[in-house]
Amino acid sequence: MTARVRAAEIVGDVDARVFGGFVEHLGRHIYDGIHEPGHPTADAEGFRTDVIALVQELGVTTIRYPGGNFVSGYRWEDGIGPREDRPRRLDLAWRSTETNQVGLHEFSSWLEKVGSDLMLAVNLGTRDVAEALDLLEYANVAADTAWTRVRAANGRETPFDVRMWCLGNEMDGPWQLGHRNAEDYGKLASRAAKAMRMLDPTIELVACGSSARDMPTFGAWERDVLRHTFDDVDFISCHAYYQERNGQAQEFLVSAVDTDLFVREVVAAADEVAHERGSDKRIMLSFDEWNVWYQFADDGTKAGDLVPDGWPVAPRLLEDQYNVMDAVVVGDLLITLLQHADRVRSASLAQLVNVIAPIMTEPGGPAWRQTTFYPFSLTSRLGRGTARRVEIDGAPRVQSARFGDVSAVNAVATTDDAGTSVFVVNRSVSDAAELVIDLRELDAASLAVVESWMITDADYRVANTLADPDRVRPQTLEVIRQGDELRVSLPAVSWAVVRLG
């Protein structure tokens, strides 16, 4: 089997925002996750510095905040001003009590510490255009106004200068506070976008797309929303979560095929609307929620239905433990996003700490990396520059009940001024793959293997835990160089990257 790096077949420049993250006021994400004032590593603002170090290592560039389902009931004003005066509110999305001890100012300070940019979502569920304008004025305006005086009184003279804004969250979902049909949401999003651009014409705006490809309104939702918002927005969002169901490991391992189809179908819908309007504008995709998430037990019970009664503060919710197979799927999803670098210009791994997250913490105790941490951190570090197609000849096939005959191997390459990275995954649950990486279309003579990593294990269900936080780590991948070719052996259920420089 040969993987040819097609140097001339450029997909597109990789937007750094593809390596984004997502922080929602949900479970122990904020409180006991990133913010724990009593923790031995806490800084003067109460943020865990051990978590900050791991987020920096993970390499997230832009972080979407504060939700998620949470944002559709959120009053942003609750999170500003003296902490002792901030109201406690009931969060209907996750049946919890929100203390509002972390709000816009605190979260922006945390982002400065981790080195990430803010992507802010506005509440278009229970609120409207006026509240979105208030938040934008508070965040971005430098003029002397009532809201900017409040901002200054709260310790921030200069604007936060948030560049990217989400117009609500998952408004296609019946579970969402303020859920609307595509027609009503499209009209509201258009009104909000037009008004926000009058206040700050430099911002980028994201309209809500489908919250899953299997939503009954998928496709029609994108077309109807964009028929109202096409001239007003820059992006439409995609959300996708995957999990193994009923022990069907092979089916789970080809999840990225769904992501590929998702992107292609949303692009087709957006371009159809552009064609209707006779426009050469291209709506980009913000894949601003994606991950492995075990939403359903084998008995069909949904994780969201397991939220405890009693309105607790920061309960343990959605704290999935990820194994090697989950990490391989995450790596394949990253490959797929890079394969669409021309249109996927932003993406957010959902979420970041404790809640379906690559980073876990224990109150008063350690923080550690889940298995899914590694494909993300390696791809964020090595997958910059320009994405290029990798053609695979003679790949073995696997069978999927949903997608039919599927290649067992998936790959993409990126090039930058310092070299080339080749990312590859073996989706087979049972068979190893012997791969030849053909570099003849690159300046192969000047390239040497500078690092190579693989994530795999003979037991692909093994995980990192509080008791054994380093059970799974990237292994060195053996690479045999033969002229303009590299030979590698990929075990079943494995993800790898080879860096040449």
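Q: Which element gives the most to the lining of the largest pocket?
A: This is a predicted model, where local features need pLDDT of at least 70, side-chain atom pairs count only at pLDDT 80 or more, and totals for chains, interfaces and linings use all residues. Residues are numbered from 1 along each chain as its sequence is written, and side-chain values use heavy atoms, without hydrogens or water. Helices (H or I, at least four residues) and strands (E, at least two) are DSSP runs, numbered from the N terminus. The top contributor, with three residues, is strand 9.

Q: What volume does the largest pocket have?
A: On a 1 Å grid over the protein atoms alone, a pocket is an open set of points where a 1.4 Å probe fits, with protein on both sides within 12 Å along at least five of seven lines; lining residues have an atom within 4 Å of a point. Points join across faces, edges and corners, and the volume is the space filled by probe spheres set on them. That gives about 1,100 Å³.

Q: Which domains does the second largest pocket lie between?
A: Domain bounds come from an automatic or database domain assignment. Both domains give residues to the lining, so the pocket lies between domain 1 (22–384) and domain 2 (389–500).

Q: Which element gives the largest share of the second largest pocket's lining?
A: This pocket has a volume of about 510 Å³. Its lining has 24 residues, with Asp260, Arg264, Gln339, His340 and Asn410 closest to the centre. The largest share, six residues, comes from helix 8.
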